[in-house]
Amino acid sequence: MTSPFRHLPGATRVVLTASASVWLAACATSAPMDKPAAPTQAQPQPAAAPAPSPKPTYGSFGVDTAGMDPSVKPGDNFYRYANGTWLDKTEIPADRSSYGMFTRLAEEASRRTRALIEESASANAPAGSDARKLGDIFASFMDEAAIESKGLAPLKPELDRIAAINTRRDLAAALGDTLRADVDALNTGDVTTARLLGLWVTEDLNEPSRYAAYLLQGGLGLPDRDYYLVDNPRFSEVRQKYQQHIAAMLRLAGISDAEARARRIVELERDIARVHWAQVDTQDVAKTNNPWPREEFAKRAPGLDWDAYLGAAGLGQQRAFIIWQPSALTGIAKLVGGEPVQTWKDYLTFHAISRAAPFLSKAFVDESFAFHGRVLSGAQQHRERWKRGVDVTSEAMGEAIGKLYVERYFPPEAKVEADKMVRNIVAALGQRIDALAWMSPETKARAKEKLATLQVGIGHPARWRDYSGLEVVRGDAYGNAERASRFEYRRNLDKLGKPVDRAEWFMVPHLVNALNSPQQNSIIFPAAILQPPFFDPNADPAVNYGGIGSVIGHEIVHSFDDVGAQFDARGKLANWWTKEDAAKFKAAGQALAAQYNAYRPLPDVSVNGELTLGENIADVAGLAIAHDAYRLSLDGKPAPVLDGFSGDQRFFLGFGQVWRNKYREPTLRRTLLTDGHAPGEYRASTVRNLDAWYEAFGAAPGQTLYLTPEQRVRIW
């Protein structure tokens, strides 16, 4: 599972600090002496000044003490204590819907990536090379004059194909042609697509040695079913503005009777929303494991011509699927067979325009931002075009950019240090499993078996993707995006029937994030997250353990959260718990869900403790094992006091400051409804479940965050 946060201990290595690495490099590059120098009279030399110690990015030891608010008691509001001054002084940039540490690092990664792409564009690389393709994709998107001159022409062939639909078989084929591999329910947690359905190709839940084709619900232009079905002022306003947006896009494309068509499109999408599964059900992997033989589709989901749909999607020979939300698929198929073909043609036309809008003339770009940026997210202005160009290029050739990023910005020492920390945290979890009083020896043995097979990826994949088959045409911004989308789709189709690649990465190295793959039993830490405030080689170790250490612990624990705990050491969906242990684990999860249900970020919306349970388990247990690992790293010695802060205080501040974040109201509302992660304030507040936090900050009865020892949730 992804997080913004979702290897075992290997052979012993020599681990260098950053300063030691610099010193060795300096020695290695000293000029060699071919012969001994002639004897000379010794002259007194002034003592060399000691080299200054590298400074951490934040403060004197890695914590932004200037961003804290010491007037707040940690026991009342630890998040404001750690971040209050930063929260008061920081403004969300006009082109952002939220802003925090992830955003800051993402902006830096974007600037670096732009430089790498532009270097590729100016290098006069040979035709067909990755460097040439990267430069051509970016340059094509940045050529606004050429895009403006073409108007709607790049999209006209697709609109003509939609206009030529006459029969329901034609309709099914047109819908099938739009299918893409744009969802991933367990690795990245992407479960929404505006296309009618989404395809996901990954290990079979029931036999991880083979690939399976998963189909997920889709078809909505708004973020979630509740935007269509919940009657409150905010969602009513969004629905009204969405209908206006659809009409505006249709008018820009020269389509008549835009208002009436827009009304019918919204009504159709509301009907689709009625059959959609809720987010909590979509995350229940036991409910979503539904193998369907191909020959039963017509019986189980009548209304859609499945031969035509799957044939156009390139899946005509696929004999079995796993259907993530069966009743949704059945309901959507019924709508395809029952709603007027013309309504579906209007629907396809609008969504084709909507997908193409970023690559069309300024009028389309502005209208798209007016709704998706302002209305849905609250952003005040569009991001600079070069930033969007970087995203477009990365979407098309992510690992090609990632390879350049790693070569330039990911030193080998960073990987060594991170690997050492991973080993320490894995060892800490192993010790915690051994010490669990509530778990039986049988379940402990299975848990240790799973921990022993955990794979880890740090920085970048072992093998890079091959983009030689991707056609890029300089000057064809929309065509490049469309061909890249189909290229990625075919890459996923090609996996079916072939041996499983257990080393596949699901994130690019320049992404500021991390993930856990329950079917691989693996964790991945892209290069871009191994930076301050998460990881700083010049910071105090306590701060690094609280920052990147808690992220590492978080991702490891995802293998044992409410979803991950349903997968065995091979990545198979299989029960390995005794009945009694499973009941105790579930009870602890319910207590944590209740704790988060009590948080109310908006007057009318609470955190959904069930939706965010997996992430909250990973936070509280990941923080606990990161703290254990930090203590183990001290080798029994006391931690020094730095600027008046103890080691444990620095550890918890390192954790609390990575979650500083500010949201615009529309984005916060959408996050609470659709995101499996709680807002940063409440993630930081999970410290209230650790005894060590109480000892470090003296949190006491009567303070807001105080929990009695019996109330503190202890999982793993």
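Before the first pair, a reminder to myself: a helix axis here is a line fitted to C-alpha atoms over the stretch in contact, and the angle runs from 0 to 180 degrees between N-to-C directions. I also keep in mind that this is a predicted model.

**Entry 1: H3 and H4.** I took helix H3 (residues 101–122) against H4 and found an angle of about 110°, with the axes 7 Å apart. Angles of 65 to 115 degrees count as roughly perpendicular, so that is how H3 sits relative to H4. On the H3 side I listed Arg 114, Ile 117, Glu 118, Ser 120 and Ala 121, and on the H4 side Ala 131, Leu 134, Gly 135 and Phe 138. Sorted by class, the H3 contact with H4 comes to five nonpolar, two polar and two charged residues.

**Entry 2: H4 and H18.** Next I followed helix H4 (residues 130–142) to helix H18 (residues 385–409), where the angle is about 170° and the axes are 8 Å apart. H4 is therefore roughly antiparallel to H18. Among the H4 residues that meet H18 are Leu 134, Ile 137, Phe 138 and Phe 141, and their partners in H18 include Trp 386, Val 390, Met 397 and Leu 404. I noted 13 nonpolar, two polar and four charged residues for the contact of H4 with H18. Leu 134 and Phe 138 of H4 also turned up in my list for H3.

**Entry 3: H9 and H10.** How do H9 and H10 lie to each other? Helix H9 (residues 233–252) packs on helix H10 (residues 258–275) at about 130°, with 8 Å between the axes. That makes the two helices, H9 and H10, oblique to each other. The crossing of H9 past H10 is right-handed. For the contact of H9 with H10 I have eight nonpolar, one polar and seven charged residues. The charged ones include Arg 239 and Arg 251 of H9, and Glu 259, Arg 261 and Glu 269 of H10.

**Entry 4: H6.** In helix H6 (residues 156–163) I marked Glu 158, Leu 159 and Ile 162 as buried. They span an arc of only 100° around the axis, so they share the same side of H6. I then looked for what the buried residues of H6 pack against, and found helix H16 (341–356) and helix H21 (477–493).

**Entry 5: the loop between S9 and H22.** Here I stopped at a cis peptide bond joining Pro 532 and Pro 533, with omega about 10°. Most peptide bonds are trans, so I flagged it. Pro 533 belongs to the loop between S9 and H22, and Phe 535 lies in that loop, between strand S9 (522–526) and helix H22 (541–557). Is Phe 535 buried or exposed? Its relative accessible area is 6%, so Phe 535 is buried. Beyond its neighbours within four places in sequence, Phe 535 is in contact with Ala 414, Glu 417, Leu 530, Asn 544 and Ile 548.

**Entry 6: two positive phi values.** Asn 521 has a positive phi of about 50° and lies in the loop between strand S8 (514–517) and S9. Asp 635 has phi near 55° and is found in the loop between helix H24 (613–633) and helix H25 (647–658). Asn 521 is buried at 1% relative accessible area, whereas Asp 635 is exposed at 64%.

Technical notes:
Residues are numbered from 1 along each chain as its sequence is written. This is a predicted model: local features need pLDDT of at least 70, side-chain atom pairs count only at pLDDT 80 or more; totals for chains, interfaces and linings use all residues. Side-chain values use heavy atoms; hydrogens and water are left out. Helices (H or I, at least four residues) and strands (E, at least two) are DSSP runs, numbered from the N terminus. Buried means under 20% relative accessible area, exposed over 50%, partly exposed in between (1.4 Å probe, protein chains only). Contact means heavy atoms within 4.5 Å. The arc is that of the directions from the helix axis to the C-beta atoms. Angles under 35 degrees count as roughly parallel, over 145 as roughly antiparallel, 65 to 115 as roughly perpendicular and the rest as oblique. A crossing is left-handed if the near helix is turned anticlockwise from the far one by less than a right angle, and right-handed if clockwise.
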